[in-house]
Amino acid sequence: MNKKLYLPLIIFLGLAMAFLVQLQRNSQGDDPKTLESALVGKPVPAKTLPDLLSEKTYDESLFKQGKPVLLNVWATWCPTCYAEHQYLNQLAKQGVTIIGLDYKDNNAKAIKWLKDLGNPYQVVLKDEKGSFALDLGVYGAPETFIVDGNGVIHYRYAGDVNEKVWQETLQPIYQKLGGGKE
């Protein structure tokens with residue numbers, strides 16, 4: 001019998017096994033939006049990036065200001081980023097320090113977005129080619145990292161930051177690292 005006939009069956013069985021393993025993980029309480037990251041416990045990657053709104057550039061010392069920050073990866077082409085933006089504005093008004101990373105985006109559209117929807121970010125870094133996001137291990141937007149005051153990444157979250165996610169997941173970590181009592 002021709003061995004090529006078995007190839008689709010082998011591929012199907014491999015995919016089914018991967019699917020079952022993932023279902024098993026999720027049924028044990030793992031949150032699929034919580035991504036493991038090789039950078040958790042390590043410093044923010046060293047890279048110099050331009051500011052979207054000025055002529056300034058920033059390096060990793062931006063994350064070493066003595067207080068924790070949220071590093072929020074976003075883009076105007078991302079519908080989920082639009083959904084989370086209003087809540088990020090609320091967090092910023094409560095004193096949460098948020099640094100934005102505009103990911104693979106059009107500068108003019110990003111500036112208009114922030115003018116129209118409000119700017120929750122203390123600094124907005126441009127990552128036009130996505131190289132910094134790649135260094136962070138970003139899969140897509142939005143993703144949010146909690147970085148301590150020494151520039152060390154403590155947590156990575158994929159998906160929109162909303163009230164429930166903030167209160168149940170991100171806020172306890174942010175506060176533990178010395179963030180305000182928002």
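# Briefing on the predicted model

Helix α5 is followed by G178, a residue whose phi is positive, near 105°. The structure is a predicted model, with an average pLDDT of 88 and 85% of the residues scoring at least 70. Over residues 31-35, however, the pLDDT falls below 50, although this stretch has 12 contacts in the model beyond near neighbours in sequence. Where pLDDT is low, the predicted coordinates should not be read in detail.

**Overall architecture**

- The protein contains 5 helices and 7 strands, and along the sequence these follow the pattern α-β-β-β-α-β-α-β-α-β-β-α.
- Of the 182 residues in the protein, 41% are buried.
- Among contacts with a separation of 6 or more, 71% are between residues 24 or more positions apart.

**Helix α5 (residues 163-176)**

- Helix α5 comprises 14 residues, and the distance from its first C-alpha to its last is 18 Å, close to the 20 Å expected at 1.5 Å a residue.
- A kink of about 50° lies at L170, shortly before the proline P172.
- At the N-terminal end, N162 caps the helix, with a side-chain oxygen 3.1 Å from the backbone nitrogen of K164.
- V165, W166, L170, Q171 and Y174 are the buried residues of α5; they pack against β3, α2, β6 and β7 (153-158).

**Helix α2 (residues 79-93)**

- The 15 residues of α2 should span 21 Å at 1.5 Å a residue, and the end C-alpha atoms are 23 Å apart, which agrees.
- This helix also has a kink, of about 35°, centred on H85.
- Its buried residues are C81, E84, H85, Y87, L88, N89 and L91.
- An α-helix has 3.6 residues a turn, so residues three or four places apart point the same way.
- The elements against which the buried residues of α2 pack are β3, β4, α3 and α5.
- Just after α2, G95 adopts a positive phi of about 100°.

- N72 belongs to strand β3, which covers residues 69-74.
- The relative accessibility of N72 is 0%, so this residue counts as buried, the cut-off being under 20%.
- The side chain of N72 forms a polar contact of 2.9 Å with the side chain of E84, and E84 is one of the buried residues of α2.
- A polar contact, also of 2.9 Å, joins the side chain of N72 to that of T144.
- Leaving aside residues up to four places away in sequence, N72 touches E84, L88, I98, I99, G100, L101, Y121, E143 and T144.

**Backbone features in loops**

- Most residues other than glycine have a negative phi, and most peptide bonds are trans.
- K104 is not a glycine, yet its phi is positive, at about 45°.
- K104 is located in the loop between β4 (98-103) and α3 (107-117).
- With a relative accessible area of 44%, K104 is classed as partly exposed, because this value lies between the limits of 20% and 50%.
- The peptide bond from A141 to P142 is cis, with omega near -5°.
- P142 is situated in the loop between α4 (131-136) and β6 (143-147).

Terms used. Residues numbered from 1 in each chain as written. Predicted model: local features only at pLDDT ≥ 70, side-chain atom pairs only at ≥ 80, totals over all residues. Heavy atoms only, no water. Helix = DSSP H or I, 4+ residues; strand = E, 2+ residues; numbered from the N terminus. Buried < 20%, exposed > 50% of the residue type's maximum accessible area, 1.4 Å probe, protein only. Contact = heavy atoms within 4.5 Å. pLDDT = per-residue confidence, 0-100. Polar contact = N/O pair within 3.5 Å; in protein donor to acceptor, adjacent residues only side chain to side chain. Expected span 1.5 Å × (residues − 1). Bend = angle between axes of the 7 residues up to and from the residue.
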